[in-house]
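Please view the sequence and structure below, then read the points grouped by topic.

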Amino acid sequence: MSLYGYHASLGLSAAAKMMPKTPTERFWEKVNKDGPIPEHCPELGPCWVWTAALNGNGYGMFWLDGQMTLAYHFLLGPIPAGKERDHLCRNPPCVRDGHFEVVTHQVNMARGVFGKRTHCPHGHPYDGANTLIVKTTGARQCRACARRRMAVLEGPVTADKPPE
């Protein structure tokens, strides 16, 4: 029997099942477009939830070209150097293109959970007088806690060690 005759004998649906799926087909079969609508920004519309493998932070993982990648990278493509995607809906398994914005790390952190904190873990306020901004990351640090860390590292002031 010829190859054509073999596939014809299987029927169209069985033959189609034997054909390898494209990456696009594999991607979309793992997406549920009826996800939740973000409470804090309902104007974004429903999330498109990744239903396959998730990484430790809850983001979808997709096997592509012999390696694992974040699922939304497949859909959205590359981003400029020094930028990252801000997940506007704050739902890690979401892959909907309109739920992302390309921003700097500093902007992403300021918009996220860490940026909304008003006090450090030790209760000191994050205000103009008590907040350091790390130039390389944009992260905030508490000045009072930084002073305390430095005092511990430098040790107590003694007669043998005068203050600097």
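Asp86 lies in strand β5 (residues 84-87); helices (H or I, at least four residues) and strands (E, at least two) are DSSP runs, numbered from the N terminus. The model is a predicted one, in which local features need pLDDT of at least 70 and side-chain atom pairs count only at pLDDT 80 or more, while totals for chains, interfaces and linings use all residues. Residues are numbered from 1 along each chain as its sequence is written, and side-chain values use heavy atoms, with hydrogens and water left out.

- Asp86 counts as buried because its relative accessibility is 0%; buried means under 20% relative accessible area, exposed over 50%, and partly exposed in between (1.4 Å probe, protein chains only).
- Not counting residues up to four places away in sequence, Asp86 touches His99, Phe100, Glu101, Val103, Asn108 and Arg111, where contact means heavy atoms within 4.5 Å.
- Arg117 is placed in the loop between α5 (105-111) and β7 (131-133), and at 40% relative accessibility Arg117 counts as partly exposed.
- Neighbours within four places in sequence left aside, Arg117 is in contact with Tyr126 and Arg140.

**Aromatic rings**

- The count of aromatic pairs comes to 9; rings of Phe, Tyr and Trp (its six-membered ring) pair if their centres lie within 6.5 Å, and planes under 30 degrees apart count as stacked, over 60 as edge-to-face and the rest as tilted.
- Phe27 and Trp28 form an edge-to-face pair, because their ring centres are 5.0 Å apart and their planes are at 85°.
- Within that pair, Phe27 is buried, with a relative accessible area of 0%, whereas Trp28 is partly exposed, with a relative accessible area of 31%.
- Tyr59 and Tyr72 are also edge-to-face, since their ring centres are 6.1 Å apart and their planes are at 70°.
- This second pair links distant parts of the chain, 13 residues apart: Tyr59 is in the loop between β2 (49-50) and β3 (61-64), and Tyr72 is in helix α4 (residues 71-76).
- Tyr59 is partly exposed at a relative accessible area of 23%, while Tyr72 counts as buried at 11% relative accessibility.
- A cluster linked by ring pairs contains Phe27, Trp28, Trp48, Trp50, Phe62 and Phe74.
- The charged end of Lys33 sits over the ring of Trp28, 4.7 Å from its centre; a charge sits over a ring if NZ of Lys or CZ of Arg is within 6 Å of the ring centre and within 35 degrees of the ring normal.
- The charged end of Lys33 also sits over the ring of Trp48, 4.5 Å from the ring centre.

**Nonpolar cores**

- In soluble globular proteins, nonpolar side chains tend to be buried together.
- A nonpolar core is a set of buried Ala, Val, Leu, Ile, Met, Phe, Trp, Tyr and Cys residues joined through side-chain atoms within 4.5 Å.
- The largest nonpolar core has 12 residues, among them Phe27, Val31, Trp48, Trp50, Met61, Phe62 and Val95.
- Two or more residues of this core come from each of β3 and α4, and β3 gives the largest share, 3 residues.
- Trp50 touches Phe27, Lys30, Val31, Gly60, Met61, Phe62, Ala71, Pro93 and Val95, with residues up to four places away in sequence not counted.
- A second, separate core of 6 residues includes Leu44, Cys47, Val49 and Cys89.

**Helix α6**

- The 12 residues of helix α6 (residues 143-154) should span 16 Å at 1.5 Å a residue, and the end C-alpha atoms are 16 Å apart, which agrees; the expected span is 1.5 Å times one less than the number of residues.
- Ala144, Cys145 and Ala146 are buried residues of α6, and what covers the buried residues of this helix includes β7 and β8 (140-142).
- Gly155, which follows α6, has a positive phi, near 85°.

- Most residues other than glycine have a negative phi.
- Asp65 has a positive phi, near 50°; Asp65 lies in the loop between β3 and β4 (67-70) and counts as exposed at 71% relative accessibility.
- Arg90 has a positive phi, near 60°; Arg90 is found in the loop between β5 and β6 (100-103) and counts as partly exposed at 36% relative accessibility.
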